[in-house]
Amino acid sequence: MMSQMPQQAALSNCPSCEWPLESDDRFCGACGYDLSAVPAPPADHPTIALNGAPPADGGASWPQAAEPDGTDAPAATHRSADVPGRDSAGSPLPPPPSPPTGSPVSPASGVRFDRPPEPDEYPLQAPDPRVAGPSASAESAAKLCVACRAGRVDSDGYCENCGHAQPRERDHMEQEAGPVAAVSDRGLRHHRNEDAFGIGLATLPDGSPASVAVVCDGVSSATRPDDASLAAARAANESLLAALERGTHPQQGMHDAIVAASHAVNALADEPATAREHSPHQNAPACTIVGAVVTPGLLVVGWVGDSRVYWVPVDRASPPARLTEDDSWAAQMVSAGLMSEAEAYADDRAHAITGWLGADAYELEPHTASFKPDRPGAVVVCTDGLWNYAEAAEEMAELLPPDAASRPLHSARVLVGHALDGGGHDNVTVAVVPFPAVSQGAGSA
């Protein structure tokens with residue numbers, strides 16, 4: 001039995017766009033509407049007028065359709081949202097609330113466009129410091145990336161804008177304390193800075209000033225050398241300043257400060273972090289130490305290890321001097337008369353230290369010495385990261401700027417820069433202290 005197709009009623013206008021139709025049209029010539037898809041209207045429902053006349057039953061009223069303009073372009077169509085709705089009881093729906101002024105609502109479609117407008121350019125994670133207002137805080141500026149100078153640094157130490165890892169705080173440190181200054185740098189070969197320093201000013205009981213500088217070098221073959229040097233520098237610096245304020249003789253104060261630094265380093269060996277790392281193949285935390293105390297008429301130095309103190313007079317016609325003797329294999333060979341200094345320091349064992357601070361040190365033997373220079377000058381306190389590139393006192397004097405006594409920070413930067421230019425094979429730390437001591441507030445600009 002053959003299926004029967006429903007008979008198509010003759011249409012005079014396209015039901016989609018109102019374009020006039022011929023009786024034999026199967027598609028609308030204007031909008032392409034498939035006229036065969038229009039079902040015959042059921043006999044028991046009223047036909048809805050398409051010309052805007054309201055239906056007899058008060059049903060929905062379609063808006064007036066636009067008249068054809070005589071071109072091939074279809075007339076504008078209407079959407080269901082253009083017709084007022086009714087609820088299930090046939091009552092008109094209440095009108096939607098009027099959007100507030102500036103609200104991102106399309107009145108034609110009723111659709112909210114809540115997304116903010118797309119900017120022409122997306123801003124960086126942090127404001128560009130070149131256009132940042134004067135209200136930007138110093139704390140915010142400190143968190144800017146050192147590479148792109150625009151992105152903020154996240155908690156992991158990486159720039160949110162360019163992704164560069166940021167240098168750690170101890171990779172490069174500079175500090176001034178009145179006329180005393182120190183600079184420490186990681187160098188170009190080490191993955192971290194294992195040096196540390198402490199500087200400060202004290203007032204002696206008679207009211208005269210005293211300057212203090214302590215420099216420590218972590219032993220790389222030991223556990224936590226960076227923690228060892230930091231603990232020693234802090235302990236020694238605090239001990240020295242307190243002793244000077246009490247009126248302790250500077251040389252005795254220096255000895256006691258080295259002992260205090262030794263106790264601080266020894267305590268690290270008992271901490272859980274060290275206990276987890278410690279093994280028969282590792283040594284306890286260890287470091288070297290060297291310090292200087294400058295008063296109006298006295299220069300005191302103290303040390304354990306191979307960090308050094310140099311004396312450089314302002315009058316460069318006067319000879320400079322090295323004021324410390326290394327606790328090292330090379331120094332022992334020279335003092336025993338077995339090698340010349342040049343031969344000893346050319347040996348691969350030259351820098352093997354024979355004295356250090358740490359729980360597994362053989363015996364603590366602080367070295368101290370006092371000097372009474374007869375002319376003004378500058379005291380250079382440094383690790384071997386510097387003196388490897390200027391070992392002799394004459395070499396150090398040539399590198400030190402002539403105005404070192406009045407510009408100690410600048411001078412420390414120059415010396416660190418020399419070590420970096422020479423290859424930066426080790427961490428390098430330098431403190432510069434003018435002699436005689438000057439009152440607080442004087443110093444480099």
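Student: In this predicted model, what makes Glu394 count as partly exposed?

Tutor: Its relative accessibility is 46%. A residue is called buried under 20% and exposed over 50%, with partly exposed in between; Glu394 at 46% therefore counts as partly exposed. Glu394 is found in helix H8, residues 393-399. Between the C-alpha atoms of Glu394 and Arg322 the distance is 9.3 Å, while 72 residues separate the two in sequence.

Student: Why is Ala269 called partly exposed?

Tutor: The relative accessible area of Ala269 is 21%. The limit for buried is under 20%, so Ala269 at 21% is partly exposed. Ala269 belongs to the loop between helix H3 (250-268) and helix H4 (272-277). From the C-alpha atom of Ala269 to that of Asn283, 14 residues apart along the chain, the separation is 9.3 Å.

Student: What makes Arg224 count as buried?

Tutor: Arg224 has 13% relative accessibility. The threshold is under 20%, so Arg224 counts as buried. The loop that holds Arg224 runs between strand S4 (209-218) and helix H2 (225-246).

Student: Which peptide bond is cis, and how do you know?

Tutor: The bond from Phe435 to Pro436 is cis, with omega near 0°. Most peptide bonds are trans. Pro436 lies in the segment that follows strand S12 (428-435).

Student: What makes S12 largely enclosed by the rest of the structure?

Tutor: Eight of the eight residues of S12 are buried, so S12 is largely enclosed. Val428, Val430, Val432 and Pro434 point one way from S12, and Thr429, Ala431, Val433 and Phe435 point the other way; all are buried.

Student: How do you know that S12 pairs with S2 and with S11?

Tutor: Two strands pair if there are at least two bridges between them. Five bridges join strand S2 (residues 180-185) to S12, and the two run antiparallel. Six bridges join S11 and S12, again in the antiparallel sense. Within these pairings, Ala181 stands opposite Val432 in S12, and Gly377 has Phe435 in S12 as its bridge partner.

Student: Which strands are called edge strands of the open sheet, and why?

Tutor: The sheet has six strands in the order S1-S2-S12-S11-S7-S8, with antiparallel pairing. Its edge strands are strand S1 (172-177) and strand S8 (321-322), each of which pairs on one side only. S8 is joined to strand S7 (residues 308-313) by two bridges, and the two strands run antiparallel. Two bridges meet the requirement of at least two, so S7 and S8 pair. In S8, Ala321 stands opposite Trp311.

Student: How do you know that Thr383 is buried, and what makes its side chain a partner of Asp195 in a polar contact?

Tutor: The relative accessible area of Thr383 is 0%. That value is under 20%, so Thr383 is buried. The distance between its side chain and that of Asp195 is 3.2 Å. The cut-off for such a pair of N or O atoms is within 3.5 Å, and the two side chains make a polar contact. Leaving aside neighbours within four places in sequence, Thr383 is in contact with residues including Val215, Cys216, Asp217 and Asn427. Thr383 itself is in the loop between strand S11 (377-382) and helix H7 (384-387).

Student: Where is the pLDDT below 50?

Tutor: The mean pLDDT of the chain is 78, and 70% of its residues reach 70 or more. Over residues 74-88 the pLDDT is below 50, and this stretch has 26 contacts in the model beyond near neighbours in sequence. Over residues 103-141 the pLDDT is also below 50, with 28 contacts counted in that way. Where pLDDT is low, the predicted coordinates should not be read in detail.

Note on methods. Residues numbered from 1 in each chain as written. Predicted model: local features only at pLDDT ≥ 70, side-chain atom pairs only at ≥ 80, totals over all residues. Heavy atoms only, no water. Helix = DSSP H or I, 4+ residues; strand = E, 2+ residues; numbered from the N terminus. Buried < 20%, exposed > 50% of the residue type's maximum accessible area, 1.4 Å probe, protein only. Polar contact = N/O pair within 3.5 Å; in protein donor to acceptor, adjacent residues only side chain to side chain. Contact = heavy atoms within 4.5 Å. pLDDT = per-residue confidence, 0-100.
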